[in-house]
Amino acid sequence: MKIYALILAGGMGSRMDNADKGLVHWHNRPLIDHVIERIRPQVDRIAVSANRNIEEYAARTPHVFPDARQWQHCGPLAALCTAANDLLLAQADWLLIVPCDMPLLPENLVSRCLAMAKRTPLSNAFYVETPVRQQYSVMFIRPQILQSAVPYLYSGMRTIRGWLQQQRARVVPFDDEAAFANYNTPEDLKEMP
């Protein structure tokens, strides 16, 4: 079974003083390095969706791509629409999708998602839920369903939540809220452990 990962690092970083969030340092290393360190043992390949500093991301994985021009500035769904046409990602049995600003992702993220997928074999999409919130940006999906993100985006819809609802995505519960903490502002970086 092939499990690939896609890290979403294409945001504008507006709440992070327009910095490229994946490359913002936390504990003396870019956030994306922490994310890669957490998920690399759990997946077979890692791709990154980034719209700037492509070379810096390419130093971490050879599979880096920007949003297709027609979907630029459409948020994370643009990355999913672009990924829908990625031949390498299409070869995976499952695709883990995570944001670049969650450096504490659990080491059992994939195994828990896989266990839920085995219990609900007709489901093609899953997302994480913690006691406090739904973590829609942490997904475990069949790559084939990415094609459905294109008409969804063209219809004017922009939220991952709405697209996941269209896919009848199932919840994978996690108790550890801190493992899914994300860093959106410079203050977050100072406050988080």
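Analyst: A polar contact is a pair of N or O atoms within 3.5 Å; within protein, one must be able to donate a hydrogen and the other to accept it. The model is predicted, and the values below are computed from it.

User: What makes the pair Asp 101 and Lys 21 a polar contact?

Analyst: The side chains of Asp 101 and Lys 21 make the contact at 2.8 Å. The limit is 3.5 Å, so the pair is counted.

User: Why is Asp 101 called buried?

Analyst: Its relative accessibility is 3%. Buried means under 20%, therefore Asp 101 counts as buried.

User: Where is Asp 101 found, and which feature does UniProt place there?

Analyst: Asp 101 is in the loop between strand 6 (94-99) and helix 4 (109-119). The UniProt record, an unreviewed entry, gives "binding site" at Asp 101. Such annotations may be inferred rather than shown by experiment.

User: How many helices and strands does the chain have, and what percentage of its residues is buried?

Analyst: The chain has 7 helices and 9 strands. Of its 193 residues, 54% are buried.

User: Which residues touch the most other members of the largest nonpolar core?

Analyst: That core has 35 residues, and those with the most member contacts are Ile 7, Ile 39, Leu 96, Val 98, Leu 109, Phe 140 and Phe 180. Elements giving two or more residues to this core include strand 1 (3-9), helix 1 and strand 4 (45-50). Helix 4 gives the most, with 6 residues. Apart from this core lies another, of 30 residues, among them Leu 8, Cys 81, Tyr 136 and Ala 169.

User: Which residues does Ile 7 touch, beyond those up to four places away in sequence?

Analyst: Contact means heavy atoms within 4.5 Å. Among the residues that Ile 7 touches are Ile 32, Val 35, Ile 36 and Ile 39, as well as Ile 46, Val 48 and Val 98.

User: What share of the contacts with a separation of 6 or more joins residues 24 or more positions apart?

Analyst: Residues 24 or more positions apart account for 72% of those contacts.

Note on methods
Residues numbered from 1 in each chain as written. Predicted model: local features only at pLDDT ≥ 70, side-chain atom pairs only at ≥ 80, totals over all residues. Heavy atoms only, no water. Helix = DSSP H or I, 4+ residues; strand = E, 2+ residues; numbered from the N terminus. Buried < 20%, exposed > 50% of the residue type's maximum accessible area, 1.4 Å probe, protein only. Core = buried A, V, L, I, M, F, W, Y, C linked by side-chain atoms within 4.5 Å.
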